[in-house]
Each structure stands twice: as C-alpha cells, then as structure tokens.
Amino acid sequence: MFCPECESEYREGFTRCADCDVDLVAELAQLAVPPDEDVIEIARYPALHVAQLAASVLESSDIACFIGDEFFSGMRPEIAFASGGVKLFVRDSDADRAREVLADFEQSIPESEETPD
Ligand SMILES: [Zn+2]
C-alpha cells in the first residue's frame with residue numbers, strides 16, 4: 001500500500017497514511033499512466049487552459065489523460081502554442097470513449113475561448 005501524497009510504502013493492513021491522513025492506494029501507478037504505456041494524441045487545443053478544461057472533463061469520466069507538451073517535455077505553454085497547439089493524450093484503450101466525451105466538450109467551448117486575452 002502506498003500513500004498518494006508522500007509516496008510512503010505501508011505494509012498490508014494499513015489503510016491510511018498517518019502523516020498525510022489520506023487513504024492509501026494499492027499502487028502508485030494508479031495515479032498516473034506511465035509514459036511508456038501506449039498513449040495517443042486525442043486532441044489539440046489552441047490554449048493551455050482549454051486543454052486543462054478538456055482534461056478535467058475526461059478525468060470526470062474516469063479517463064486518464066495527459067496534456068502532452070507539459071507532460072512529456074515540461075514545455076512552457078507559450079512554446080507549446082508555437083509548436084502547433086497544446087496536445088492532449090489518452091491511453092490507446094480509452095481513445096474511443098475519450099473522443100465521445102471530447103466531442104460533447106468541444107461543442108460547449110465558447111468561441112471567445114480562442115481569442116487571446
Ligand atoms: Zn503520506
């Protein structure tokens with residue numbers, strides 16, 4: 001068992017981290033998909049905050065996702081923008097479901113979101 005906050009390992013039988021007062025998880029890997037798992041680019045957004053919004057919509061549907069340039073290279077948003085947009089990645093196995101969720105989400109983005117400032 002592991003604490004998702006401080007990443008301490010606990011023996012079987014423990015269910016909460018005494019330091020952080022949070023529930024332990026069976027594997028830290030549940031919190032994030034390792035980068036070497038098959039992930040595909042599911043969408044590309046003109047601004048980081050739109051990508052973050054899309055990510056939160058996916059996460060609320062229990063679909064793990066990553067904002068690509070942030071996740072893979074730590075690029076600053078303005079650089080990600082210059083490189084063609086902020087990429088959103090999901091696991092290959094979640095791609096079909098993610099497309100459905102994002103199709104609804106994209107219809108809900110106000111057009112003003114694409115105007116800088
Ligand atoms: Zn802890």
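Residues are numbered from 1 along each chain as its sequence is written. In this predicted model, local features need pLDDT of at least 70 and side-chain atom pairs count only at pLDDT 80 or more, whereas totals for chains, interfaces and linings use all residues.

The chain contains 4 helices and 3 strands (DSSP runs of H or I, at least four residues, and of E, at least two, numbered from the N terminus), arranged along the sequence as β-α-β-α-α-β-α. Of its 117 residues, 20% are buried (20 or more other C-beta atoms, placed from the backbone, within 10 Å of the residue's own; exposed means 12 or fewer, and partly exposed in between).

Beyond its neighbours within four places in sequence, Ala54 is in contact (C-beta atoms, placed from the backbone, within 7 Å) with Ala43, Tyr45, Leu88, Leu102 and Phe105.

In H1, the buried residues are Ala51, Ala54, Ala55 and Leu58. They lie on the same side of H1, because they cover an arc of only 105° around the axis (taken from the directions from the helix axis to the C-beta atoms). Their cover includes E1, E2, E3 and H4, while His49, Ser56 and Ser60 are exposed on the other side of H1. Just after H1, Asp62 has a positive phi of about 60°.

Definitions and conventions
Two residues are in contact if their C-beta atoms, placed from the backbone, lie within 7 Å.
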